Every structure is written in structure tokens, then in C-alpha cells.
Amino acid sequence: DLAAEQMKGVNLFIKTNLPAFSPDGTQIDLEWLHLSAGKLPLPHKLKAERVAGDPEKVEVTWEDNSDIGLSRTLDELVMMVAYDGKFTNPIPTGAIRKQERAVIQLPAGIGTIQGIYLFFASTARKLYSPDLWFGLE
């Protein structure tokens, strides 16, 4: 909505993520938290799971929908990792929308990884998709 588009970043973050916090603000439900928002569509059937036999890697699959709306074949998959109550910065994966599959190395030595947020970014990094949470515990 227009009001949301005119909001400052921190206000939009709070409005979007209020349901993720407990009433006293001390607990976060990572599944309800959102770290990316935007107009790029997510691909259909986006899925992620640890690679069997190699827990430091995640296999991500999706269906290319680069013919819909603002999405393009070269949009890049981006990951943010939730670990020990903290988050990494956005990590470009090098995987692009038209690939429909990627095996991503999780960051090493950061602690217990609870899960990842995945989203897509345009090549110019002007447009982003909403994120999806994947618990990996």
C-alpha cells in the first residue's frame, strides 16, 4: 500500500515484523520474521534442505518464473543465515533464477545454524523479493 511505500525502513521493519515478537519483545519466532521485502516475485515451489551426508551444504530448488511480472532470468538467489540469535549479512549465492537449482555452502564457524532466509535480487540490486524462511535444525 502507498503508506507502506512511504514509510522509513525501520518503521516498515517494525510494522512487518511485529507478529514475530513475543508481547514483551524478548522472544523472536524466526518463521514469522522477514528480512527482505519487495516487488520481485519469489519463484514457484522454492524449497531448501540440508544435503544428506554434508550438513554444511543446502540444496535449493525452485521453478523459474522469469516470465512473470518484474522477475528476470538473471535475478540472483540471496541467503541470510540465522545462528545463535544473530543473522549474517546478505550472502549472494551466485545462483540465478533460470538455474532452478543450487547447492549452497553454509558459512563455517559461526555457531549453531537455526535456518536460512532466501530471496531474490535483481542484477542491479534495485529490486528484491520477499524472503522465505527454512528451518535447518
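How exposed is Lys 57, by relative accessible area? Lys 57 has a relative accessible area of 29% and is partly exposed; the term covers the range between buried (under 20% relative accessible area) and exposed (over 50%), with a 1.4 Å probe and protein chains only. The legends below describe a predicted model, in which local features need pLDDT of at least 70, side-chain atom pairs count only at pLDDT 80 or more, and totals for chains, interfaces and linings use all residues. Residues are numbered from 1 along each chain as its sequence is written, and side-chain values use heavy atoms, with hydrogens and water left out.

**View A. Salt bridge between Asp 54 and Lys 57.** The N to O distance of this pair is 3.7 Å. A salt bridge is a side-chain nitrogen of Lys or Arg within 4 Å of a carboxyl oxygen of Asp or Glu, and the whole structure contains five of them. Asp 54 is partly exposed, at 26% relative accessibility.

**View B. Salt bridge between Glu 59 and Arg 101.** The closest N and O atoms are 2.8 Å apart. Because Glu 59 belongs to strand S2 (residues 54-63) and Arg 101 to strand S6 (residues 101-105), the pair ties together parts 42 residues apart in sequence. Strands are DSSP runs (E, at least two residues), numbered from the N terminus. Both side chains are partly exposed, Glu 59 with a relative accessible area of 26% and Arg 101 at 43%.

**View C. The open sheet S1-S2-S6.** Three strands form this sheet, with antiparallel pairing. Strand S1 (44-51) and S6 are the edge strands, each pairing on one side only. From one strand to the next, the twist averages 20 degrees; axes are lines fitted to C-alpha atoms, and angles run from 0 to 180 degrees between N-to-C directions. S2 and S6 are joined by five bridges, where pairing requires that DSSP finds at least two bridges between two strands. Val 60 faces Ala 102 in S6.

**View D. Salt bridge between Glu 76 and Arg 125.** Here the closest N and O atoms are 2.4 Å apart. The partners are 49 residues apart: Glu 76 is in strand S3 (residues 76-83), and Arg 125 is in the loop between strand S7 (113-121) and strand S8 (132-135). Glu 76 is buried, at 13% relative accessibility, whereas Arg 125 is partly exposed, at 31%. The bridge partner of Glu 76 in S7 is Ala 121.

**View E. Strand S7 and its antiparallel partners S3 and S8.** Eight bridges pair S7 with S3, and four pair S7 with S8. Opposite Leu 132 in S8 stands Leu 118. Nine of the nine residues of S7 are buried.

View F. Rings of Phe, Tyr and Trp (its six-membered ring) pair if their centres lie within 6.5 Å; planes under 30 degrees apart count as stacked, over 60 as edge-to-face and the rest as tilted. The count comes to four aromatic pairs. Trp 62 in strand S2 and Phe 120 in strand S7 are 58 residues apart, and both are buried. Phe 87, Tyr 117 and Trp 133 make up one aromatic cluster. Tyr 117 is buried, with a relative accessible area of 0%, and Phe 87 is partly exposed, at 30%.
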